[in-house]
Amino acid sequence: MDRDFSPSYSTTTHFEPAARNIARPARPAHAVVEHAVARHGRAEHEWLQPAVGSASAFNRPEARALIGANRCIASTDDQALEVELVISCGFENAQAEILYRLPAGSYLSADDAWDLPIFDAISDDTERRVRVELPEGRTKITCRLECGGRLSVRLVNQNS
Amino acid sequence: MIDRSASTQVQTGQRAPAVDPAKSNRLRRARAIFTCACDMPADERLMFVEDSCGGDVALVELVRSLLRADEGNVSAWDCAGVEVASISPVLSLPLGYEPIRELGRGGAGVVQLCRETESGELVAVKLVHVESSGRSAAARFRREWRLLARLRHPALVALRSAGTLDSGCAYLVMDFIDGQDIRKHCREQHLPAHRRLEMLVPIADALAVAHGHGIIHRDLKPGNILVERNGGARLIDFGAARVLEGDLNTRHEHTLTGQIIGTLSYLSPEQASGNSRHADHRSDLYQLGVVAYELLAGMLPYDMDGHTSAEVLRTIIAEPARTLDSTGAVKAGHPAVAFFERALAKSPEQRFGSASEMADAMRAVVDALKSSDSQAVR
């Protein structure tokens, strides 16, 4: 077989970008909220660096989401509020303490490595509390709160 | 009934001008076509524009003028004679941000100093009206702020959060930098030459980080380099940034349309000659060279007094830059002279290959300037 290593891409006369050296974002040893998004109607708010800045809120007339480095509080008395949290956890043991009320149509799911559910809640009008062990790596918590829904996520780092 | 407005209107202290709805719709349509056309290969653009405008010759001309302006790296909306205020007379702030004052106004939006209600901290909120540019423009804007948020360097401004309002207005929340334009700072503080150049070294390092992520600033000028009270310089306003993505055979270039993309006096030769889409990271290095030159010499590398815009562009493209020793800033043979010959070379191939390389060369010149400054004091 002819092992010709000629480039498969087209060669051009103009600028070709230099090879990039992009470092992966550092992952701290303890659990932190790395990224979060809240959607309410057509409005959307994205926390780009919650672990760096102080807690900030997405305020709507009848709905609210507040995200900080180690907590999330969300509620709606209006149309549905969707919240996505990406939690990054290093080698230290950590848990997510989740307090929720999920009226009909709501859901709450915590996925390890984006696709393996480690916790799924069932819609229920009562308030419930659960503690989820956070694995090393990234965990994504996805929640849809219908009118009257409540969610509180607090990260509990065992060594802190 | 209580008006439950989901946003706070920006108080600029000025009444918003009356808007002609027909004109506003026309401009929105032009902007939408322009945005789509920007993403197309150059040889297909004209046909696409003509098809999209449905025989409206004036609209075709408006979109073409925007495309020409985009290629020429000047403010597209300014070039088309469009008043920014007529596009988006009222931009709204998200709830939770109390407006304090307007910090600046650009091609498609405003930057507002606000207090974050939750934390009480001062932040800069940039508002951009993207809805009329269509869903793809909003998605692109979102993609780009995520990329910009990855840039971490002490000389860069951290993006905190971002979002879109019901109105389609997009916003970015950034750290507020309470600083002063580097040129003004140097002038007022009577800083020695080595200190002036030294402040730009972290900026070159920050550019290396941005370039490593495939992001080109494209609008480096003294007004976009702020010096904080602690003397540290910060590079602001990636609003004109271009993101290079993908591998070599499927490279796409994205532009934040409607932004001011470059300032005439600081354009690189390739930007000035209309090849802004092919301007790469070395274009940023050229612009940083112009800023450094101005800080040391107290003047731009070209004589542009009384020149028209076209003459300025021609000068940047064709005329050689004044050598630094000819301005009296340093003596002939000083390492700074060779540094600027390379930094301001017309051909990108003859410039520094990377921001890191330029930063290292800058450090060497700073050391040389330190010794010449101390000799001058003696």
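How many aromatic pairs does the structure hold over all chains? The count comes to four aromatic pairs, in what is a predicted model. The points below begin with the aromatic rings of chain B, continue with cysteines, and end with the strands and surface of chain A.

**Aromatic rings in chain B**

- The rings of B:Phe339 and B:Phe340 form an edge-to-face pair, because their planes stand at 85°, beyond the 60 degrees that this class requires, while their centres are 5.0 Å apart.
- Burial applies to B:Phe339 and likewise to B:Phe340.
- B:Phe339 also pairs with B:Phe352, at a distance of 5.4 Å between ring centres, and with the planes at 40° this pair is tilted.
- B:Phe352 is buried, as is B:Phe339.
- One aromatic cluster is made up of B:Tyr293, B:Phe339, B:Phe340 and B:Phe352.

**Cysteines**

- Zero disulfides are found over all chains when the whole structure is searched.
- A:Cys89 has a relative accessibility of 1% and therefore counts as buried, the limit for that term being under 20%.
- In chain B, B:Cys186 is likewise buried, its relative accessible area being 1%.

**Strands of chain A**

- Chain A contains 12 strands and zero helices, so that its pattern along the sequence reads β-β-β-β-β-β-β-β-β-β-β-β.
- Strand β12 (residues 150-157) of chain A pairs with strand β5 (residues 71-76) of chain A in the antiparallel sense, over five bridges, and within this pairing A:Leu151 of β12(A) is the bridge partner of A:Ala74.
- β12(A) also runs antiparallel to strand β7 (residues 94-102) of chain A, to which eight bridges join it; here A:Ala96 has A:Leu155 in β12(A) as its bridge partner.

**Burial, contacts and surface of chain A**

- Chain A has 160 residues, of which 46% count as buried.
- Where contacts in chain A join residues at least 6 apart in sequence, 67% of them are between residues at least 24 apart.
- The accessible surface of chain A is about 8300 Å², and carbon and sulfur atoms account for 48% of this area.

How values were computed
Residues numbered from 1 in each chain as written. Chains lettered and ligands numbered in written order. Predicted model: local features only at pLDDT ≥ 70, side-chain atom pairs only at ≥ 80, totals over all residues. Heavy atoms only, no water. Helix = DSSP H or I, 4+ residues; strand = E, 2+ residues; numbered from the N terminus. Buried < 20%, exposed > 50% of the residue type's maximum accessible area, 1.4 Å probe, protein only. Contact = heavy atoms within 4.5 Å. Areas by Shrake-Rupley, 256 points an atom, 1.4 Å probe, with all protein chains shown as cover. Phe/Tyr/Trp six-rings, centres within 6.5 Å; stacked < 30°, edge-to-face > 60°. Disulfide = S-S within 2.5 Å. Pairing = 2+ DSSP bridges.
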